[in-house]
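Good morning, colleagues. I would ask you to have the sequence and the structure before you while I speak.

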Amino acid sequence: MAILDKAKESLTGGCLCGAVRYVLDFPPGSSWPPDSHICQCTQCRKHTGSLMPPLITVTPSQLRWANESDYGKPPAALTEFSSSKGVYRSFCSSCGCSFTWRSEATADEIEILIGSIDEKWLIGDRTEKVSSESLTEPGHFEKVLNAKEGALGREICTPMAGQMFMRNAIKGATDVRLGGKRFVEVSQKILEIPD
């Protein structure tokens, strides 16, 4: 992990309806990229509707709720659900967008669902207007992908901290190696799958 250099000092995110907005702060000296991983546990799948939801780990002090009415306080639409004893998952009560996972056992960490981070950070700003038809021309799609400025998606999304709950992998669909170590599950005893 490198010291923060080319990344922004903060990333923003929010839900579909805009009722919940947040800022992730990465002050000078912060590690970059943040620890990212994929979880295939049943609860993460149910919470997100995704077979392999990607998350990043930050400290609670790095997360600021950015609702307009009371900056820094969780917005009224943010709801937490206790999915198991001492474990909480948050979502927007208006549109259903999922945001976080946190555990009382690891109070110094909070997991942010990467899909809730604003698009400009994941894929970058579009630097040219492109028609959908032109993307089918040979080589043009790759050219457009490379022309986006500010994209941090690869750094943020590559699960270098690991792939969790591989015991739930679906053969031929989610059993792929995307980066980092692979773990059978995450519990009191962490069981790593050897290379």
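Gln 163 counts as buried, because its relative accessibility is 0% and the cut-off for that class is under 20%. Please bear in mind that this is a predicted model. The residue belongs to strand S12, which covers residues 162-164.

What does the side chain of Gln 163 reach at 3.0 Å? It reaches the backbone nitrogen of Leu 178. A polar atom of the Gln 163 side chain also lies 3.0 Å from the backbone oxygen of Val 176.

I turn now to the cysteines. How many disulfides does the structure hold? The number is 0. Consider Cys 95: the closest cysteine sulfur to its own is that of Cys 92, at 3.8 Å. A disulfide requires the two sulfur atoms to be within 2.5 Å, so this separation is too far for a bond. Cys 97 is likewise in no disulfide, its nearest cysteine sulfur being that of Cys 95, 5.3 Å away.

Are these residues buried or exposed? Cys 95 is partly exposed, because its relative accessible area is 29%. Cys 97, by contrast, counts as buried, with a relative accessibility of 16%.

To close, I return to the opening residue: Gln 163 is buried at 0% relative accessibility, and its side chain has backbone atoms of Val 176 and Leu 178 at 3.0 Å.

Key:
Residues are numbered from 1 along each chain as its sequence is written. This is a predicted model: local features need pLDDT of at least 70, side-chain atom pairs count only at pLDDT 80 or more; totals for chains, interfaces and linings use all residues. Side-chain values use heavy atoms; hydrogens and water are left out. Helices (H or I, at least four residues) and strands (E, at least two) are DSSP runs, numbered from the N terminus. Buried means under 20% relative accessible area, exposed over 50%, partly exposed in between (1.4 Å probe, protein chains only). A polar contact is a pair of N or O atoms within 3.5 Å; within protein, one must be able to donate a hydrogen and the other to accept it, and residues adjacent in sequence count only if both atoms are side-chain atoms.
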